[in-house]
Amino acid sequence: MRVYLDNNATTLVDPQVTACMEPFQTQVYGNPNSLHAFGSESHIDLNNAMEKIYAGIHAPKSDSIIITSCATESNNWVLKSIYFDYIMSGRKDHIIISEVEHPSIIAGARFLEKLGVKVTYLPINSEGIVTAQSVRDNITPKTALVSVMWANNETGAIFPVEEIGEICKEHDVLFHTDAVQAIGKIPVDVQSLNVDYLTFSAHKFHGPKGVGALYMKKGKELTPLLHGGEHMAGLRSGTLNVAGIIGMGKAMELAIDCLDFEMPDVEELRDKLEDALLKIKDTFVVTPREKRTRNTMLISFRGVEGESMLWDLNKAGIGASTGSACASVDLEANPVMEAIGADDDLAHTAIRFSLSRFTTEEEIDYTIGVVHEAVERLRGISSSYAYTPKNHESAL
Ligand code: C6P
């Protein structure tokens, strides 16, 4: 059996999405900026797709949604252009991010540090959550930007973006949220909170890879990262990814439709898996369920090296991860586990299971059996597990 439980890394493209993209790869291939009919014949579908994308995040027409190649591009754009537009002039010199942001924010912030920008990395609490109070405590009159993700990719922890947005507004500080792991899992309404910039990526909600977006509130446009032609009102040059945009529109529509009737089923399966795995002794899950997205679990089996567990799972046809796919080749401890203060042994044992609306109960039952066997086998050959103290509960 093959079971895909790494949906926070990427998702299956929904067959309905593939079907609506297909004509734009084979028949309607003109450049939409060309003046002839080959170019203009995609315009109606592009407009419809953009309408679905605006509706998906409740963005008013007056705001901008600029299509990019991925969330990594959108995140880099925000950080680098905040530097050009607000920091280089010397008016501001500080940004705030959390220490568990995606590498595209962390590495971008480190790059800005080399240019002289002061960066505060907010810690997470024992539940894996960045508190709004920590944002308040760290804002200074020189702060240009706060960037805190909406939902964490490793644990699924949902961060208090509504409160953080209010604090930023009070202090006249720009607020960006990386909503990559929120879209399709929880309602996202840019009008219900004070957010200036918001990032998302189609392949995380059953759309195609290679297409994402940056939402910008009216009046908060940023200097482009990619200069060139007139595409996207001159804010992001490069020939439009027509099939990708049309696919993202359809994927957004389906993701929003599924929020009410399919996500509860996903949650039930996630909880079934979690309940069964927590029956294994010396096993820990980060972040209480009610504070997480419905599809995600980061679980640690003491004494079982994460990579060894992945090997056993992979042999049994199950795809999971030890955390973010971007950091999967290094053998470092999971950064979220380290940030919550887990001891070194435990921080190396984290496994992320992330489900989707395509996950079945049969797959979950199969996974439960495989994980139980793998833990028993791997603990049997683990010298660290054999010699750790009996009372492991104090590790977190
Ligand atoms: N996280 C994971 O395994 P791209 O691929 O550039 O569209 O998305 C990047 C990205 C940005 N923000 C968050 C919160 C993300 O989770 C991701 C992608 C994957 O967790 C791959 S590293």
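1. The model is predicted; local features need pLDDT of at least 70 and side-chain atom pairs count only at pLDDT 80 or more, while totals for chains, interfaces and linings use all residues. Residues are numbered from 1 along each chain as its sequence is written, and side-chain values use heavy atoms, with hydrogens and water left out.

2. Helix H4 (residues 43-56) and helix H9 (residues 242-261) have axes that come within 8 Å and cross at roughly 40°. Helices here are DSSP runs of H or I with at least four residues, and strands are E runs of at least two.

3. Where H4 meets H9, the H4 residues include Leu46, Met50 and Ile53, and those of H9 include Ile245, Met252 and Ile256 (contact means heavy atoms within 4.5 Å). The residues of this contact divide into 10 nonpolar, 2 polar and 4 charged; Gly counts as polar, and Asp, Glu, Lys and Arg as charged.

4. Asn75 lies in helix H5 (residues 71-87). Asn75 counts as buried because its relative accessibility is 0% (buried is under 20% relative accessible area, exposed over 50%, with a 1.4 Å probe and protein chains only). Leaving out residues up to four places away in sequence, Asn75 touches Ser104, Ile105, His176, Asp178 and Thr199.

5. In helix H8 (residues 161-170), Val161, Ile164, Gly165, Ile167 and Cys168 are buried. They cover an arc of only 160° around the axis, so they are on the same side of H8 (the arc is taken from directions between the helix axis and the C-beta atoms). Glu162, Lys169 and Glu170 are exposed on the other side of H8.

Technical notes
Axes are lines fitted to C-alpha atoms, for helices over the stretch in contact, and angles run from 0 to 180 degrees between N-to-C directions.
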